[in-house]
Amino acid sequence: MTKRFPWYDSGWLSSYVSAKEIVSQCYPGRLAEFTEAFDVFRTPADFQVREIKNVLGKALFEKALEAAHAIPPGNLNKKELLHMGRTILHNLPELVEIQKELAARVSEEVNEQVEPSYNFLSLYKDVGFLTPHLDAPLAKWTLDLCLEQSAPWPVYFSQVVPWPEECLYEKENWINEIKHDTELRFTPRTLQPGDAVIFSGSSQWHYREPIQQAQRENFCHLVFFHFIPKGTSHFVRPVDWANYFNMPELARLAEHDARKK
Ligand SMILES: [Fe+2]
């Protein structure tokens, strides 16, 4: 299937746009039903990033830190080392347990009931950076926890935006065009260890400048706890849409996002 958008984690959005085209052709009378089914994954336009100091409390935070330190280096996934400057690890058991405890707090902060989707530890090295992107709705809500860092490293969030259904940015310059799009109203946030931000990654652009611009030999270790609206796990992934909507033609959609629960 065509990759419609140049940014990281855009496979879901490509699938959604392709699915709308398939539904328009095969089931034109059901297009509104199809698009409205995804309203649960759209974020209210007035949502603002939430900052929470010491979100886990001392004991739980130390448990998370110890679990991260205990990972044998060989167990870390290096697939994003070259293009993002980080090693990662999904769903470390100690963090899965902590995420269950965080669901009630996140529900309260975002004003809807949520359930855990997945989490991953992200260990940025001194070549770390993050180009602008929107996440798949598997990460409609993210609690981004700072474990430890050599120095505060700003992360920039846009205001909430509707999902773009085509890429209006220039092929060679889309990164700069997004960063400098004044309508997106990017705002930087910095975290101290133990602190977290909650944002809507599927509806808020986010990025980080290269870490070495702030300080050499820098590092920043984060945990991303991703949450979805409660009761939506059975149709958040494109691979489930053919059955969920009883539209066999949607089975042709490739599952771009290889992450699994
Ligand atoms: Fe993201």
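Ala, Val, Leu, Ile, Met, Phe, Trp, Tyr, Cys and Pro count as nonpolar, Asp, Glu, Lys and Arg as charged, and the others as polar. The exercises below use a predicted model.

**Exercise 1.** Which residues coordinate the iron ion, and what spacing do the donors follow along the chain?

*Solution.* 
Step 1. Name the donors. His-133 and His-206 each use NE2, and Asp-135 uses OD, at 2.1 to 2.2 Å from the iron ion.
Step 2. Write the spacing along the chain: H-x1-D-x70-H.
Step 3. His-133 is in strand 4 (residues 130-133) and His-206 is in strand 9 (residues 204-208), so the pair ties together parts that are 73 residues apart in sequence.

**Exercise 2.** Are His-133 and His-206 buried or exposed?

*Solution.* 
Step 1. Take the cut-off: buried means under 20% relative accessible area.
Step 2. Apply it to His-133, which has 2% relative accessibility and therefore counts as buried.
Step 3. Apply it to His-206, which has 4% and therefore also counts as buried.

**Exercise 3.** How many cavities of 30 Å³ or more are there, and what lines the largest cavity?

*Solution.* 
Step 1. Give the count: 4 cavities of 30 Å³ or more.
Step 2. Describe the largest cavity. Its space is about 160 Å³, and 19 residues line it.
Step 3. Find the residues closest to its centre: Phe-120, His-133, Asp-135, His-206 and Phe-224. Among them, His-133, Asp-135 and His-206 coordinate the iron ion.
Step 4. Name the elements that give two or more residues to this lining: strand 3 (114-124), strand 4, strand 5 (141-149), strand 9 and strand 10 (220-229). Strand 3 gives the most, with 3 residues.
Step 5. Sort the lining of the largest cavity by class: 9 nonpolar, 4 polar and 6 charged residues.

**Exercise 4.** How do the residues lining the second largest cavity divide by class?

*Solution.* 
Step 1. Note the volume of the second largest cavity, about 80 Å³.
Step 2. Consider its lining, which includes Asp-9, Ser-10, Asp-135 and Ser-202.
Step 3. State the division: 8 nonpolar, 2 polar and 2 charged.

Key. Residues are numbered from 1 along each chain as its sequence is written. This is a predicted model: local features need pLDDT of at least 70, side-chain atom pairs count only at pLDDT 80 or more; totals for chains, interfaces and linings use all residues. Side-chain values use heavy atoms; hydrogens and water are left out. Donors are N, O and S atoms within 2.8 Å of the metal (3.2 Å for Na, K and Ca); water is not among the atoms, so sites may look incomplete. Helices (H or I, at least four residues) and strands (E, at least two) are DSSP runs, numbered from the N terminus. Buried means under 20% relative accessible area, exposed over 50%, partly exposed in between (1.4 Å probe, protein chains only). On a 1 Å grid over the protein atoms alone, a cavity is a set of points where a 1.4 Å probe fits but cannot get out, and a pocket is an open set with protein on both sides within 12 Å along at least five of seven lines; lining residues have an atom within 4 Å of a point. Grid points are joined across faces, edges and corners, and a volume is the space filled by probe spheres set on the points.
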